[in-house]
Each structure stands twice: as structure tokens, then as C-alpha cells.
Amino acid sequence: MTVLTTERLVVREWTADPADLARIFDLYSRAEVTRWLNAPGLPLTDPAQAADRLALWRKRHAGHGGRYGTWAIEVRDTGVVAGTVLLKPLPGRDETVPTEDIEVGWHLHPDSQGRGYATEAARAVVARELAAGTQEVYAVVAPGNEASMAVARRLGMTHVGRRTDWYGGEEVETFVRRADDA
């Protein structure tokens, strides 16, 4: 299911199609991608884990009616999935109860980096969320992840320093885009 489109991209649901599962495994088994995520179960070590990852995403977003998700970024011209863009309530310090704060994030396959896909997909997702009435959207970035911090800045997000409000108190570089910034 297509969530939204941009000039070059289709942001859509990840599926259980073998090609999508293979791409999920290829993306989330790579140390150069997962080292910034600090997520349980990553990096993936077995292709069968891709289906588990997809099930986790579906469960996480099941009650949101399509507003939030972990979506594939597909390049229109080639059909290649460049990576993932996500929009979701940030988990609090306990890591289970979601906060009212909304996060945008992106994970790009190394073969798709440097082409502006993360910025283009995230810009569209943020615009959609702000149009829905959300007043602030955050990007939280692992300290040292200069590439993701650059994407946040290209999105017009303001760096507000390091915070420990979410993800179990993990210290993250925090960026915000406010509705009145538009």
C-alpha cells in the first residue's frame, strides 16, 4: 500500500514479498547501518529474521490507522527499495509507553546513500504529519552520526542539543521541526 509519493519516490508499506524481505535483511544486517540504531535484535544475522522484523513493525503500528509506520522508500524509476523512513510516537524512558512526541527517522542502504532519498522521503512524511495538526516532529540521532544530522538540517530542523527523554534514557542528538517553522 502506498503511503505517499514524491517526485522520485514511493513511500509504501513493507510487504512479506520475498524481494522486500531480502532487502530488509540486506539493510538491517549491515553494521554500517545498524551501529547507529542501538535497537534490540540488530544487526540481523539470519534472513528469516526479516519476517520477524516486519511483524514487529506491523504490531507496533497496528493501532495507528496508517498515520504512523515504518515504510519502504522505493525509487520510482528503478523499483529499488533505497531504505526505510519511519514516523512514530517516541518511546519514553521505560521504552514501552509511547510519548506524545513524534519521531521521523530514516535508514538508507549504502547503495542508495548520497542521492537525497532520505531527505526527500522524510520531508514528505514530516509535511504530512504537520498538516495533520502535529505541532512538532523530532529526529533523534546517535551522537557521531554526521550523515543523519545533515539530513535533519536539510529538513529545516533545529538542533536543540542532546536529550535523554526517550529510548530508555539513551543520550541522543535532538532536532525539531515545528509547525510554525514552515
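## Salt bridges, rings and cores

Arginine 163 is partly exposed, at 24% relative accessibility. Aspartate 165 is also partly exposed, at 34%. Here, buried means under 20% relative accessible area, exposed means over 50%, and partly exposed lies in between (1.4 Å probe, protein chains only). The model is predicted: local features need pLDDT of at least 70, side-chain atom pairs count only at pLDDT 80 or more, and totals for chains, interfaces and linings use all residues. Residues are numbered from 1 along each chain as its sequence is written, and side-chain values use heavy atoms, with hydrogens and water left out.

**Charged partners**

Side chains of opposite charge can pair when their charged atoms come close. A salt bridge is counted when a side-chain nitrogen of Lys or Arg lies within 4 Å of a carboxyl oxygen of Asp or Glu. By this rule there are 13 salt bridges, and the table shows some of them, including a bridge made by arginine 163.

| Aspartate 165 | Arginine 163 | 2.8 Å |

Strands (E, at least two residues) and helices (H or I, at least four) are DSSP runs, numbered from the N terminus. Arginine 12 is buried at 13% relative accessibility, and aspartate 20 is buried at 5%.

**Aromatic pairs**

A pair of aromatic rings is described by the distance of the centres and the angle of the planes. Rings of Phe, Tyr and Trp (its six-membered ring) pair if their centres lie within 6.5 Å; planes under 30 degrees apart count as stacked, over 60 as edge-to-face and the rest as tilted. The whole structure holds three such pairs. In one of them, tryptophan 14 and tryptophan 57 are tilted, with 6.1 Å from centre to centre and 35° between the planes. Tryptophan 14 sits in the loop between strand E2 and helix H1, and tryptophan 57 in helix H3, so the pair ties together parts 43 residues apart in sequence. Both tryptophans are buried. Another tilted pair joins tyrosine 138 and tryptophan 166, at 5.2 Å centre to centre and 55° between the planes.

**Cores and helix H5**

A nonpolar core is a set of buried Ala, Val, Leu, Ile, Met, Phe, Trp, Tyr and Cys residues joined through side-chain atoms within 4.5 Å. The largest has 32 residues, and Val85, Leu87, Val104 and Trp106 have the most contacts inside it. Helix H4 gives the most to this core, with eight residues. Not counting residues up to four places away in sequence, tryptophan 106 touches several residues, among them Ser148, Val151 and Ala152; contact means heavy atoms within 4.5 Å.

Just after H5, glycine 156 takes a positive phi of about 80°.
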